[in-house]
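Please examine the sequence and the structure shown below. The text then leads through its side-chain contacts and its surface.

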Amino acid sequence: TFGFILFDIHSLKLSLTQECQAWKRTFGIALNQLASTDMSELSSFVDGMTKQLQRPISDLEDVREAMTALRKVCEAEMWIEATIGPVEETFALLNRHELQFSDGNAERIDTLIYSWKNLKELVMQTQNTLELIHPTMKAELLTGVKTFQAAVKTFYNDYDKSGPGVVGLNPCEASDRLHIYQVQFDELWRKYITFSSGEQLFGLTVNEYPDLHRIKKELNLLSKLYNLYNSVTESVNGYSEILWADLNIEKINSELQDFQNRHSILFL
């Protein structure tokens, strides 16, 4: 009431209340989406590292993977600690203001906190395990490197004498040998990565294998060359089976041009 004037503000109060509720709901939706995104990213990382560190450690490859996982967790620890707290506070704030959502994310925060605690304990367990097996794994590494060096030397000699790059081979025979030696090389290259990583992990001198890198480049180039050869051979053989009525000169010209372009790229 103002003097003789009576103001009815009931409708205004109702409108303002509804507007505030709408604003609060919109703000809550934005907070929920932001916190849910951060929580999903955290959960994905924590679950992935937990699975990786739960794997048994039985060889050098397992050691390398475990060390990689430990390094990732160490690098991410500050980010996780700085993110998980605000996420928890956000869901507590939403709950305090009775802003409920049906996505179930508010209930997942406790699971995430528990999983992160377990991951930190798992990190300590893995570090202790690595310390215990260090002498044994180092001895196995040194033995494995010696065996690998002998195998690589044998492969070098065999490749240079009978590999796909031997002068005088017909293309079909060279293509077949390429496949055989590529399989052998891939296995050696996998062991090379494992042993080199192991030498780095144990602080040893990393052995170099220049001929292995040479052969890698040669096989890569030969693979492209014979893939092109096989494609050209297949296409040319197919041309002889095309009826004159079905002949498409533009398509053939396009294929030949593509072969020429692929050939030119090989030597760039």
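The paragraphs that follow treat aromatic pairs, salt bridges and a charged patch in turn.

The model is predicted, so local features need pLDDT of at least 70 and side-chain atom pairs count only at pLDDT 80 or more, while totals for chains, interfaces and linings use all residues. Residues are numbered from 1 along each chain as its sequence is written, and side-chain values use heavy atoms, with hydrogens and water left out.

The structure holds nine aromatic pairs. Rings of Phe, Tyr and Trp (for Trp, the six-membered ring) pair if their centres lie within 6.5 Å; planes under 30 degrees apart are stacked, over 60 edge-to-face, and the rest tilted. Phe148 and Phe195 form a tilted pair, with 5.5 Å from centre to centre and 55 degrees between the planes. This pair links distant parts of the chain, since Phe148 belongs to helix H3 and Phe195 to helix H4 (residues 171-201), 47 residues apart. Helices are DSSP runs of H or I with at least four residues, numbered from the N terminus. Phe148 counts as buried because its relative accessibility is 3%, and Phe195 counts as buried at 14%; buried means under 20% relative accessible area, exposed over 50%, and partly exposed in between (1.4 Å probe, protein chains only).

The rings of Phe185 and Trp189 are stacked, because their centres are 5.6 Å apart and their planes meet at 25 degrees. Both residues lie in helix H4, four residues apart, about one turn of the helix, and both are buried. Ring pairs join Phe148, Phe185, Trp189, Tyr192, Phe195 and Tyr209 into a cluster.

There are also nine salt bridges (a side-chain nitrogen of Lys or Arg within 4 Å of a carboxyl oxygen of Asp or Glu). In one of them, Asp160 meets Arg214, the closest N and O atoms being 3.5 Å apart. Here too distant parts of the chain are linked: Asp160 is in helix H3 and Arg214 in helix H5 (residues 210-239), 54 residues apart. Arg214 also forms a salt bridge with Glu218, with the closest N and O atoms 3.1 Å apart. Salt bridges with shared partners join Asp160, Asp211, Arg214 and Glu218 into one network.

Finally, Glu88, Glu89, Glu107 and Asp110 form a negative surface patch. Patches consist of residues with over 30% relative accessible area and no salt bridge, like charges being joined within 9 Å and nonpolar side chains (Val, Leu, Ile, Met, Phe, Trp, Tyr) within 5 Å. Helix H2 (60-96) and helix H3 (105-162) are the elements that give two or more residues to the negative patch.

Definitions and conventions: Accessible areas come from the Shrake-Rupley method with a 1.4 Å probe; for residues, only the protein chains shown count as cover. Lys and Arg count as positive and Asp and Glu as negative; His and the chain ends are not counted. The place of a charge is taken as NZ of Lys, CZ of Arg, CG of Asp or CD of Glu.
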